[in-house]
Number of protein chains: 4
Amino acid sequence: MFKDSRLILGTGGATSLASLEAAIVASGTDLVTVALRRVDAAGPGLLPMLSRLGVRLLPNTAGCYTAADAVKTARMAREAFETDLLKLEVIGDDRTLLPDGLELLRAAETLVADGFTVLPYTSDDPVLATRLAGVGCAAVMPAGSPIGSGLGISNPHHIRLIRQAVDVPVVLDAGIGTASDAALAMELGCDAVLVASAVTRAADPARMATAMRHAVQAGMLAASAGRIPRRFHALASTADEGAAQW
Amino acid sequence: MFKDSRLILGTGGATSLASLEAAIVASGTDLVTVALRRVDAAGPGLLPMLSRLGVRLLPNTAGCYTAADAVKTARMAREAFETDLLKLEVIGDDRTLLPDGLELLRAAETLVADGFTVLPYTSDDPVLATRLAGVGCAAVMPAGSPIGSGLGISNPHHIRLIRQAVDVPVVLDAGIGTASDAALAMELGCDAVLVASAVTRAADPARMATAMRHAVQAGMLAASAGRIPRRFHALASTADEGAAQW
Amino acid sequence: MFKDSRLILGTGGATSLASLEAAIVASGTDLVTVALRRVDAAGPGLLPMLSRLGVRLLPNTAGCYTAADAVKTARMAREAFETDLLKLEVIGDDRTLLPDGLELLRAAETLVADGFTVLPYTSDDPVLATRLAGVGCAAVMPAGSPIGSGLGISNPHHIRLIRQAVDVPVVLDAGIGTASDAALAMELGCDAVLVASAVTRAADPARMATAMRHAVQAGMLAASAGRIPRRFHALASTADEGAAQW
Amino acid sequence: MFKDSRLILGTGGATSLASLEAAIVASGTDLVTVALRRVDAAGPGLLPMLSRLGVRLLPNTAGCYTAADAVKTARMAREAFETDLLKLEVIGDDRTLLPDGLELLRAAETLVADGFTVLPYTSDDPVLATRLAGVGCAAVMPAGSPIGSGLGISNPHHIRLIRQAVDVPVVLDAGIGTASDAALAMELGCDAVLVASAVTRAADPARMATAMRHAVQAGMLAASAGRIPRRFHALASTADEGAAQW
């Protein structure tokens, strides 16, 4: 599902079509999520631009608060974007924009049965993630912290627990504020990272998109490079002392 | 002083000359620190290999516990390596390998007067960093956490305070465990990062070196891209809702 | 619901009836939770001891994995303990012992309708907490971290979000390892704290129970004393300098 | 040196003599630090009030920036307050109010030789703490974070390292914002905690002083009660399941 970049970009929050395009190119992503239900600042030129760049679309159901609404929106998105890929969002709360687990699971079951490739935006609850994988979701997308908050990964322990609990890909979604957050997500075992506001609302979106590309690459490599253990005391770089040798 | 990679590599802890060479190449660094006083696992082939790779040497005084010893070692290093560049280490304590501020400052004064370009390995104390810059050090190199501990940056607040307090470059030295630590160092305002054990003692040193190269790049870009503010509540990617547009 | 101590004690993990009694007395609690479904190390003497101490019982449904099982167990507990008070647990996962939100909500609805005073053990998800309060639960009891893990409060931000989201009391349940964790829970706005393993499995349960009593008191007072704001730089204790006055 | 409360109160920042008195009484402290060099808001009535309450005085050299100045101020304080007890402060920097290690060590040596019981306000550097103990200081008082910042303990790892490195008492000084910070300090192995702004500048100083009294007690007890280990996964309160027993 994910190619080399392991970075998915969101289009929300972009201040202009040109800055969004620059960010997408800089990020190296080939997968971009777009909301069916929201008026995007990027406006009517968005889809042609994405098409020109050759990126795949990942439609999302942002703005849906019930399973019924999300299912209906997903079906409209399939029509509109001609893809079975779906980032499923069922929001539970206006202030935190965190998902409603029950409605989310209900919608996921329906849409999986309906042939969608469902990637649900979920909380960082390992039990809910297990249930979502259990009903056939193609991945789980836990929130690091609330959408747009820039708080990074509030509970790394839960991301690790999710990683252990499911066999499907784990995509860190929501809350990323800066590059080190994205690197950490990959080090915790995520397969990919989704960023929207962190890039589109940065002072220099293209620069931040480049930073995110490097960060995801860094974290992915570090995760498989066998890091040193944490030690309470120091460990000299070289244990054996001696006279100068040169 | 620092070129594009902003990454300095330490040679201590390397398990073979071949793995060290692979790591140096992968890191993209052009500046490598070597200890005059320690028997390096890499052995007699180290200097020829570094010379062949065209990297600059940054001699260090690892293993010195007094100003007098460090000054003497520094002078020997200048002779041996034919460079005025010096990473000045004066260790205060065997268990933590943290620097002794008094001896460090004393040695720095002597060596600056002696024509060295002094880069002192220091604690994360902003007052000591200010004193070191005040006696003419070319940079300050605060510890993120004890050498080889892999604990990362224990006190990000102090790294920020040091960044505000001095005008010379700040290089995060010691404690880095993984890529996100290096990215964070740059985001906190550091100009460069030094890693040794985190790379040389990783299961796959070259892979971790590549990770560090990307991480430093990511952090440097993110630091100047104008990140989004942290918010307690969520912020929807797009504020204005509407009907589907496509 | 909570008296002055704001501390609820769990009996699980106790190594002897005598040490449990000493801990209960030291804690100053008047509310103790007991599992209907588990063989307690304290054995058959537990209930007479609790009765002698005059503490109220809070039966729980530990060991239940479905709503149906929890409802059945709750009804048996009401018969056995002659109380409508219920700590509702519906576990979702053997490794984390975190709750299953769906089954929990289902059981809560049934038991509220059945006249129970339901205090559900829940995740730290503010949306689920809101749903539980919405179906008539008398309080919500979010996990700070997994039961018995001693990791404290992994995500203080979510505890604050729950505090803002619901009008019913919030009781920090699960994960507490030491006294400062309990103080922090109260500072985050919780109304009470439940501890079990942190006391019963401590080397000295009565001493840790006393610590917890003080910690909950400390946190409750601090939460309403109007703490100073956090500042990046220092603030001298007294701004105006002058000559010695005495 | 420390009696049961293990809490030392600072008088700086008090908004009235009455609120300061209420806070001192509520804290249960018997040791209060006063600055010779600063005009205290509490004004001329401070010393008579402290005398009436029967608390011991711990004069400090707040506002001194050199060893010479601190030594002179210390001698004046001994005259004025008729005590050899001294909290030695030699500030290095106006913005952070962190100590200057070199001047501090110099002043400590002089004052120890001069018969003072020297308690130096120091950074959280374990090497400097060791040096201070080595020249005969009666305790070390590391900063948790900058004075008045309310940031708590920025680097718990360093406080632990100091606890291991010295045999004299360790007093957490500076940075405490709320009760859980004070409890944590004791859990890290400190012998006492000093708070000033956190109490005197709280909205309700007496209430916060009571909170601090409980917090220090809680942390001290917890530190010696043998806390449970931290575990990645859960541990059920009782391992053996069974049928209901009652």
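These notebook entries record what I looked up in a predicted model.

**Entry 1. Interface of chain A and chain B**

I began with the extent of the contact, to which chain A gives 69 residues and chain B gives 69 residues. I then looked up the area: chain A and chain B bury about 6,300 Å² between them, with 59% of this on carbon and sulfur atoms. For polar contacts across the interface of chain A and chain B, the rule returned 23 residue pairs, both residues of each being at pLDDT 80 or more.

I next asked which elements build the side of chain A that touches chain B. At least two residues each come from helix 2 (46-53), helix 3 (67-81), helix 7, helix 8 and helix 9 (205-223) of chain A. Helix 9 of chain A gives the most to this side, namely 10 residues. Sorted by class, the side of chain A that touches chain B holds 36 nonpolar, 20 polar and 13 charged residues.

**Entry 2. Interface of chain C and chain D**

The area buried between chain C and chain D is about 6,300 Å², of which 58% is on carbon and sulfur atoms. Across this interface I noted 0 salt bridges by the rule. Polar contact between chain C and chain D was found for 23 residue pairs, with both residues at pLDDT 80 or more.

I consulted the UniProt annotation, an unreviewed entry, in which "binding site" covers A:Gly148, A:Ala174, A:Gly175, A:Ala196 and A:Ser197. Do these positions gather at one spot, or lie apart? They gather at one spot, because no two of their C-alpha atoms are more than 9.2 Å apart although the positions span 50 residues in sequence.

I examined two of the annotated residues further. A:Gly175 sits in the loop between strand 7 (171-173) and helix 7 (179-187) of chain A. I recorded 5% relative accessibility for A:Gly175, so this residue counts as buried. Residues up to four places away in sequence aside, A:Gly175 touches A:Ser145, A:Pro146, A:Ser149, A:Gly150, A:Leu151 and A:Gly152. A:Ala196 lies in the loop between strand 8 (192-195) and helix 8 (197-200) of chain A. The relative accessibility of A:Ala196 is 13%, and A:Ala196 therefore counts as buried.

**Entry 3. Surroundings of D:Asn155**

I located D:Asn155 in the loop between strand 6 (141-142) and helix 6 (156-165) of chain D. With a relative accessible area of 2%, D:Asn155 is buried. Which residues is D:Asn155 in contact with, leaving aside its neighbours within four places in sequence? I listed B:Asp124, B:Ser154, B:Asn155 and D:Asp124.

**Entry 4. Salt bridges**

A search of the whole structure gave me 40 salt bridges over all chains. One that I looked up joins the side chains of A:Asp114 and A:Arg78, at 3.4 Å from N to O. This pair ties together parts 36 residues apart in sequence, because A:Asp114 lies in the loop between helix 4 (101-113) and strand 5 (117-122) of chain A, whereas A:Arg78 lies in helix 3 of chain A. I noted A:Asp114 as partly exposed at 26% relative accessibility, and A:Arg78 as partly exposed at 23%. A:Arg78 and A:Asp114 also belong to a network of salt bridges that links them with A:Arg75 and A:Asp84.

The relative accessible area is 26% for B:Asp114, which is partly exposed; B:Arg78, at 23%, counts as partly exposed.

Last, I looked up the salt bridge between the side chains of D:Lys87 and D:Glu89, at 3.2 Å from N to O. Both D:Lys87 and D:Glu89 are buried.

Methods
Residues numbered from 1 in each chain as written. Chains lettered and ligands numbered in written order. Predicted model: local features only at pLDDT ≥ 70, side-chain atom pairs only at ≥ 80, totals over all residues. Heavy atoms only, no water. Buried area = accessible area lost by both parts, 1.4 Å probe. Salt bridge = Lys/Arg side-chain N within 4 Å of Asp/Glu carboxyl O. Polar contact = N/O pair within 3.5 Å; in protein donor to acceptor, adjacent residues only side chain to side chain. UniProt positions renumbered as here; feature names shortened; annotations may be inferred. Helix = DSSP H or I, 4+ residues; strand = E, 2+ residues; numbered from the N terminus. Buried < 20%, exposed > 50% of the residue type's maximum accessible area, 1.4 Å probe, protein only. Contact = heavy atoms within 4.5 Å. Nonpolar A, V, L, I, M, F, W, Y, C, P; charged D, E, K, R; others polar.
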